[in-house]
Amino acid sequence: MTTVFVACFLLLALLALHSPGAELDGQTLCLPVLGPVQQFDPALSGRARRLTEVHEAMHAEQCRRLGSLADYLIRIGVRGRVRMEAQAYCVQAVLEMSWGMTPAALMDRIEEELAIAVAGRTFGRMTGPEIRALLAAECPAIAPPSASTWGVRSATNMH
């Protein structure tokens with residue numbers, strides 16, 4: 001039974017690799033046995049490519065740390081998906097701040113991107129303020145000062 005499950009999962013994952021969404025700059029699939037498998041838009045270059053690489057590197061780390069089954073199960077629910085994406089966006093945000101972006105601008109943009117990224121891809125819903133609170137908890141580097149006192153573990157404390 002396990003072999004059938006793994007075979008079906010691998011088949012679906014391989015199909016996904018051959019048909020990435022046109023809007024994706026990159027993607028990381030967390031496959032049983034193989035681990036993280038990444039794909040990048042070949043048209044990306046420069047800073048856009050670097051941002052995508054660090055974002056997807058975090059997803060690869062999540063995959064290796066959690067394993068494929070846990071990674072998949074976490075991403076089914078909206079809160080799990082937003083948390084996993086927030087961790088990847090946080091790594092990206094640190095790089096963008098080194099290039100001069102302000103934390104406030106990054107917080108606003110990433111909150112919007114998270115709301116778009118999870119729409120229709122999970123079970124459940126989150127409001128804008130809920131997404132913002134989760135993002136602040138996972139990425140204190142871009143959180144407003146009042147959010148940093150919540151005492152919630154950040155993505156950097158999970159390694």
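This is a predicted model: local features need pLDDT of at least 70, side-chain atom pairs count only at pLDDT 80 or more; totals for chains, interfaces and linings use all residues.

Q: OK. How many helices and strands does the protein chain have?
A: The protein chain has six helices and two strands.

Q: And what pattern do they follow along the sequence?
A: Reading along the sequence, you get α-β-β-α-α-α-α-α.

Q: How much of the protein chain counts as buried?
A: Of its 159 residues, 38% count as buried.

Q: What about contacts in the protein chain between residues 24 or more positions apart?
A: Take the contacts with a separation of 6 or more: residues 24 or more positions apart account for 53% of them.

Q: Let's do α4. How far does that helix reach?
A: α4 has 21 residues, and its first and last C-alpha atoms are 30 Å apart, close to the 30 Å expected at 1.5 Å a residue.

Q: Is α4 enclosed or out in the open?
A: Largely enclosed by the rest of the structure, because 15 of its 21 residues are buried.

Q: What comes after α4?
A: α4 is followed by G100, which has a positive phi near 105°.

Q: Which residues of α6 are buried?
A: I131, L134, L135, A136, A137 and E138 are the buried ones in α6. They pack against α4 and α5.

Q: Then what's the angle between α4 and α5?
A: About 145°, with the axes 10 Å apart; helix α5 is residues 103–118. α4 passes α5 in a right-handed crossing.

Q: Which residues are in that contact of α4 with α5?
A: On the α4 side they include V82, A86, Y89 and M97, and on the α5 side they include L106, I110, L114 and V118. The contact of α4 with α5 has eleven nonpolar, one polar and five charged residues.

Q: And how do α3 and α4 cross?
A: At roughly 115°, and their axes come within 4 Å. That makes α3 and α4 roughly perpendicular to each other. D71, I74, R75 and I76 of α3 meet V78, G80, R81, M84 and E85 of α4, a contact with four nonpolar, one polar and four charged residues.

Q: Where's G77?
A: G77 sits in the loop between α3 and α4. G77 counts as partly exposed because its relative accessibility is 23%.

Q: What does G77 touch, leaving aside neighbours within four places in sequence?
A: G77 is in contact with T122 and F123. G77 and F123 are 46 residues apart in sequence, yet their C-alpha atoms are 4.9 Å apart in space.

Q: Switching to α2: does its span come out above or below what it should be?
A: Helix α2 has 21 residues, 46–66, and at 1.5 Å a residue those should span 30 Å; the end C-alpha atoms are 31 Å apart, which agrees.

Q: Which residues of α2 are buried, and what covers them?
A: The buried ones are L51, T52, V54, H55, E56, M58, H59, A60, Q62 and C63. What covers them includes β1, β2, α3 and α4. Just after α2 comes G67, with a positive phi of about 90°.

Q: Where does V33 lie, and is V33 buried or exposed?
A: V33 lies in the loop between β1 and β2. V33 is exposed, with a relative accessible area of 81%.

Note on methods:
Residues are numbered from 1 along each chain as its sequence is written. Side-chain values use heavy atoms; hydrogens and water are left out. The expected span of a helix is 1.5 Å times one less than its number of residues. Buried means under 20% relative accessible area, exposed over 50%, partly exposed in between (1.4 Å probe, protein chains only). Contact means heavy atoms within 4.5 Å. Axes are lines fitted to C-alpha atoms, for helices over the stretch in contact, and angles run from 0 to 180 degrees between N-to-C directions. A crossing is left-handed if the near helix is turned anticlockwise from the far one by less than a right angle, and right-handed if clockwise. Ala, Val, Leu, Ile, Met, Phe, Trp, Tyr, Cys and Pro count as nonpolar, Asp, Glu, Lys and Arg as charged, and the others, Gly among them, as polar. Angles under 35 degrees count as roughly parallel, over 145 as roughly antiparallel, 65 to 115 as roughly perpendicular and the rest as oblique.
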